[in-house]
Amino acid sequence: MHPGARSTSESTPPVIRTEAPMIRPQNPPVEAPAIGMRVARLSAWYGKHQAIRDVTLDIPERNVTAIIGPSGCGKSTLVRCLNRMHEVVRGARAEGEVIIGGLNIYDPAVDPVALRREVGMVFQRANPFPTMTIFENVVAGLRLTGRHNGRELREVAERSLQRAALWEEVKDKLNTPGTDLSGGQQQRLCIARALAVNPNVLLMDEPASALDPVATLRIEELIRALRDEIMIVIVTHNMQQAARVSDQTAFMLAGEERVGELIEVGPTTQIFTNPRDKRTEDYITGRFG
Amino acid sequence: MTSTGPPIQVPPRSGRLRIAIGQGQGRIADRAFQIGVGLAAIAIVLSALGLAFTMLQDGFMAFTTFGPTFIVSTSWNPVTHIFGVLPAIYGTFATSVIALILALPVGIGAAIFLAEIAPRWLADPVAFLIEMLAAIPSVIIGLWGLFVVVPVIRQFEATVGRSLSFIPFFSGPAYGIGLLAAGVILAIMILPILTAVTRDVLRAVPISQREAMLALGATRWETIWRAVLPYGRSGIAGAIILGLGRALGETLAVSMVIGNMYQITPSLFAPATTLASLIATQFREADTELYLSALVAAGFVLFVITMTVNILARLMIWRLTAGEGVH
Amino acid sequence: MSAPTVTGSMSSLTLGRRRHLTDLVMRGLCGVAALGAAAVLLLLLGHVVIQGAPALSLQLLTSLPTPLGVEGGGIAHAVVGSAIMVGLGCLWGIPLGIAAGMFLSEYAGARTGSFVRFTADVLSGVPSIVIGIFAYTIVVAPLSGFSGLAGAFALGLITLPIVARTTEEVMRLVPPELREASLALGVPRWRTILAVVLPTASTGVLTGAILALARVAGETAPLIFTALGNNFFSLDPNRPMASITLTIFQYAIWPYEYLHRQAWAASFLLVLFILIVNVSVRLAARNSGVR
């Protein structure tokens, strides 16, 4: 089965409505696959304020996991802990374990810089480097970590831009500034840039929230296409998006003292049709948040 | 739905992660860089501390030889080796005060014009011209001062001296060079900073203040005078102190027009000396250790004075940006 | 019922003559102040141009001073000396200043940052003659000789805090998202700073550096007892060195007409250089846009 193909279920697009039982996700239920990432009792603080507490979660390989929840519930913090970007902020720290492929990334012997080449990230607002061309942006991760072979760079650039569904649009203007593109294109450029270093995991923090609906759909297609190659964790405040795109969904909520907790995680179909926790159900049916 | 393009061959993924364990090279480079730029910052601190320390050290001989009389004695005699800097301190402050008195109305007036009255197309070029004044080297202003301004002042002194010489301020021969000339030149030199800072302060005053005043039926001028200026008064005070700080340390232009005579007289027409001009004109004559030490000590006094004034100015402006929000 | 009569208070609807006059006169005076200040600059520049331009000649720039009292000669030694000392001074002061600015912007904590910033501000507020004394005690006295190197040291010391602050300010403006994007790609911090943050801020950093250069090109006081000045042509930084500014200072004081003319010509040259640099830098900054 080559990348890009996936088993389809219904041929009609889902009917998207706001009440929970009516949301019909695209992906059929899968059997429990091999574990790619395990988050074990992860807590994180910004200075004195605790942002998330004791999050435990398993994320299989070749899987799209969506993290949903109202604003302030800690979903961004959680995801930033998965590539140790959280600790870049002054005074921020994390405790607990995040085990990827058998290795705890919070082990003191692990170099966070090297880790981030394995776990890539795409941000809410597209942030291409303004002083670089499209080509330079895509290969920035390689160039700045020492790879300079021109031919290799060009191959990687083309491949990454194709995977990000941007190649056709920019192949003739690779030497123009990265910031000349539209918002949606810039975001796909950032995805290409992240893919170019060939990570095993791609973290996406509300990647489409700043984009128009058409651009958003293209990003979602991209995610579904990438699913078979790479583990994706996507934070989104858009439940329909989570339903469309993910295999498994995790719901987070800020409890007392505004500390975020993981309430429930499960196959997307189950979360949206038959959530176990009442709070999940309340959120999904729109009773709050 | 559009296709994502032809199937792409992605290199097969290994089951293992490529994370380098314990490979600290990257960390070494990061550390080295951090230390490198940290050293540059230390260089700044060391320079400042070193400056204060070496000046104190080299001036120490003079300070210990003369004690506090160094500051209050009025004689500066390289022959008998008696050194006291009071006239120089007097000259430093007198010229700066004259400069402030002359520059203040012009600077604030200009700032008001640029911030409140002039349309953009006029204000920007005029502001630019005034700022450029600050870029002109001191020695060139001194040159112009010596050959162009001093003759004018000589004329002025002669005219005023004819009728008003009974007032101590205006007594004495009309040399041209002297306190007044130095004051005028300094005024020109501190005008740009006075104007620029005051203009920024006025621009930061909220529009609501002006509108409230206008709504009460005030004229434009009354609005400025009674609402805008008072609101920005601490910022303007900061600007004045900044201007003072600049004036106190100014050397070349002052040296060229002040006459370099070691005396304290109330007359504006009299030649005088400032700390900076004293050092500038005498340093090369200093042939003995005590002479040199006295000059360095004078420099230390100047350093302390200017540093105090500058810190004061910064504190005022700091308190401003923290408190009222007037930038 | 008759219409209400205009009471005394309503008569203030008509603006009193005096208030109106005051308004106009005071605002007019402000205009006079501003235009007068600008006029001073133009007067000064005009005088420099009128006196200096005719006296400026190729001969002036390429020949050396004649014996005192003998007409003719030039300032070639001073032009070269200035170039050497300003060049050497900026060579040590500007890169170090940029590095310190990077430290302040990217690494310094709140307390360390405040302290270094404060020190830099104090240092940049020190009168340049005091910087000259410091350079004298550190370089000239131990090596017992005035030198171009000492002059360069003093000039560099003047650029150091200025460039550090301008660099810091400009680098702070680079959005944090760019740093994050680079770090998230697995690029180490130092590389992120040099390859992403610095290039993004490059226009501002360059502007700060160039303005600092123009500033020290016009300095005289710190050179008086470091470089001392030299009436002969010298490329040796270990010996006393002439500068355009020192030459202007010396010639202005001597009672020779021909030397005054040369002083004006040198002033014209210097002012031209400084104005061109200042204006171009501002134009370039405006054209590259406010990012």
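**Exercise 1. Placing one alanine**

In which helix of chain C is the place of Ala38(C)? Find it, then decide whether Ala38(C) is buried or exposed.

*Solution.* Keep in mind that you are working with a predicted model.

Step 1: Ala38(C) lies in helix H1 of chain C.

Step 2: Count its surroundings. There are 20 other C-beta atoms within 10 Å of Ala38(C). A residue is called buried at 20 or more, so Ala38(C) is buried.

Step 3: Look for its partners, skipping residues up to four places away in sequence. Ala38(C) then touches Val126(B), Leu129(B) and Ile130(B).

**Exercise 2. Inside the largest nonpolar core**

Which residues of the largest nonpolar core touch the most other members?

*Solution.* Step 1: This core holds 293 residues, and those touching the most other members are Ile185(B), Val257(B), Ala298(B) and Ala100(C).

Step 1: Trace the main contributor. Helix H6 of chain B, residues 179–203, gives the largest share of this core, with 18 residues.

Step 2: Zoom in on Ile185(B). Leaving aside neighbours within four places in sequence, Ile185(B) is in contact with Ile141(B), Gly145(B), Val149(B), Ala253(B), Val254(B) and Val257(B).

Step 3: Chain B has 12 helices and two strands, and 49% of its 327 residues are buried. Of the contacts in chain B between residues at least 6 apart in sequence, 75% join residues at least 24 apart.

**Exercise 3. A strand and its neighbours**

Work out how strand E7 of chain A, residues 201–205, is covered and paired.

*Solution.* Step 1: Check burial. Five of the five residues of E7(A) are buried.

Step 1: Sort the side chains by direction. Val201(A), Leu203(A) and Asp205(A) point one way, while Leu202(A) and Met204(A) point the other way.

Step 2: Take the pairing with strand E6 of chain A, residues 119–122. Four bridges join E6(A) to E7(A), and the two run parallel; here Val119(A) stands opposite Val201(A).

Step 3: Take the pairing with strand E8 of chain A, residues 231–235. Five bridges join E7(A) to E8(A), again in parallel, and Met204(A) has Ile234(A) as its bridge partner.

Step 4: Follow the chain from E7(A) to E8(A). The path passes through helix H8 of chain A, residues 213–226, in a right-handed β-α-β crossover.

**Exercise 4. Where chain C meets chain A**

How many residues does the contact take from chain C and from chain A?

*Solution.* Step 1: The contact takes 15 residues from chain C and 22 from chain A.

Step 1: On the chain C side, H7 (176–184) and H8 (189–200) each supply at least two residues. H7(C) gives the largest share, six residues.

Step 2: Classify the chain C side: 10 residues are nonpolar, two polar and three charged.

How values were computed: Residues are numbered from 1 along each chain as its sequence is written. Chains are lettered from A and ligands numbered from 1 in the order in which they are written. This is a predicted model: local features need pLDDT of at least 70, side-chain atom pairs count only at pLDDT 80 or more; totals for chains, interfaces and linings use all residues. Two residues are in contact if their C-beta atoms, placed from the backbone, lie within 7 Å. Ala, Val, Leu, Ile, Met, Phe, Trp, Tyr, Cys and Pro count as nonpolar, Asp, Glu, Lys and Arg as charged, and the others, Gly among them, as polar. A nonpolar core is a set of buried Ala, Val, Leu, Ile, Met, Phe, Trp, Tyr and Cys residues joined through C-beta atoms within 7 Å. A residue is buried if 20 or more other C-beta atoms lie within 10 Å of its own, exposed if 12 or fewer, and partly exposed in between; C-beta atoms are placed from the backbone. Two strands pair if DSSP finds at least two bridges between them. A crossover is right-handed if, with the strands pointing away from the viewer, the path from the first strand over the helix to the second runs clockwise.
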